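Hi,

Here is the structure I said I would send over.

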Amino acid sequence: EIRVPTRVRLEQVPRQRSCARPPVARHWRDMAAMSEAGGSRTHSRLKDRPVVDEERSAQATSCLCNSIICMLCLAPVPMICGLALLGWNESWAVCVSRPSILPARKIQQVGCNDADAGDGSLVMLSCDLSKDALSPIAPANSVFAPGFGYVGTGLKVQAEMLQCVEHHIGGERYVYQKEWRRHHVDSLTFRNKADPQFKSNCNADNPPWPEDMPTNGATYAPRVKVGAFEIRNEFVQRVPLSAAVRPQKVPEGWFQSGDMYISSQWVNETSTNIGQVRVAFYGTDWENPMVTVAAQNDGGVLRPWKSGSSWLCTPFTVGEVRLGRASLEQLLNPVSVGISSGTMALRVAGFALVWLAVACCCCPLEAAARCGRRLGVCLGAKMVWVATCGVACPAALACTMFVVGFVWAPLRPLVAVPLLVLSVAVAAGMAVVYRLCKPAPRGKESARDLASDKP
């Protein structure tokens, strides 16, 4: 038989903590006793609260004033310099790129048989040079002029004489040697003809330049036909003169050596070939007569095309002549300014200056984060990093993209418009973030601070 004890010792039953609130009278009696004894921690903190708030407010006011003065003094200089550098750099890039980008949009490729094609517009054509209406060209006032009979866009003469030349090597030391020169060298002004080197290399004065010697230089035809079109003046001078020209008759006292015509009529007997002359003639390469021209068609006459005015750049002209068939890219000779190292370096420098200026503008926010709790939990303790990276970097990036897009908009809208839209999107995103992190009203925040101070 099992007997059940009727009494259980109270010590063996675990005591459960009661969650019930004490009676009201008992609660106020305890509070009064603690107040009279002076041991209430809450009462003492509430009593000292106004003093702490005044000290904190004074410190915050001082920090904000100092930071605002720092912002007003430091922020404008890098901001102005950065924006000015970005604007100048992009405008320079636009002006350099404009002569190769704008003509590519306006140019028309035409054939060789219709002179009215693209009349009044910028045209591009690849046609053969024609000898029609060209007059013979001869080196004037020279022994080669009679019966020269060359027909071409121009004639280039290269005439040289072997002469003694003096070189100063320092102090009173001179060196004398023979050289081919295209002009006369006056040997009467030599300073040390008694030098053994002068006697061994030259041993004679330079003779005068022959009067019937062809004159160095080039002579061009006034107009030349290119297909059905006509080029004049500077366009004719851009046609290369590279093919050797041989006169129909070699003058007496001259002999041919390759493409050169040499004469020793003016050589001094006591010298070693001092005074020997040689002449070469160069003209149009009629074996490859094709040229590519980019110019304005003015009633069949090709003239330089002039661009319109721009608010950033000065007007420019387009007039190119290339030997052979050339593409539009080769003819306009485009330059990649947008990705050049110098342009990119200046862009980075301008962005850095704008970033520094925006970071200086964030000084009051940094001071508020350090001196008081008035900006909410979004700023936290690492206000310096947030101000410089989280706020200044996107703001500076938006400014940079806006300036670059604004300057490039007239010339490259497909690149500029996305930059402008992206800069506005970044600015709008920053506004949204600021809206989300906006601090609570002052009354609610004070109530929350008081509640957090309660035990």
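Let me start with cysteine 112, which counts as partly exposed at 24% relative accessibility. Keep in mind that this is a predicted model. Cysteine 112 is joined by a disulfide to cysteine 127, S to S 1.9 Å. That pair links distant parts of the chain, with cysteine 112 in the loop between β1 (108-109) and β2 (122-130) and cysteine 127 in strand β2, 15 residues apart.

How many disulfides turn up in the whole structure? A search finds three.

Another one is formed by cysteine 95 and cysteine 313, with the sulfur atoms 2.0 Å apart. This link is left-handed too, with -95° about the S-S bond. Cysteine 95 sits in helix α3 (residues 76-106) and cysteine 313 in the loop between β14 (305-306) and β15 (317-318), so the pair ties together parts that are 218 residues apart in sequence. Cysteine 95 is partly exposed at 27%, while cysteine 313 is buried at 7%.

Then there is the disulfide of cysteine 164 and cysteine 202, again with sulfurs 2.0 Å apart. Here the S-S torsion is about 80°, so the link is right-handed. Cysteine 164 is in strand β3 (residues 154-170) and cysteine 202 in the loop between α4 (196-201) and β5 (217-220), so parts 38 residues apart in sequence are tied together. Both cysteines are buried.

Cheers

Conventions: Residues numbered from 1 in each chain as written. Predicted model: local features only at pLDDT ≥ 70, side-chain atom pairs only at ≥ 80, totals over all residues. Heavy atoms only, no water. Disulfide = S-S within 2.5 Å. Helix = DSSP H or I, 4+ residues; strand = E, 2+ residues; numbered from the N terminus. Buried < 20%, exposed > 50% of the residue type's maximum accessible area, 1.4 Å probe, protein only.
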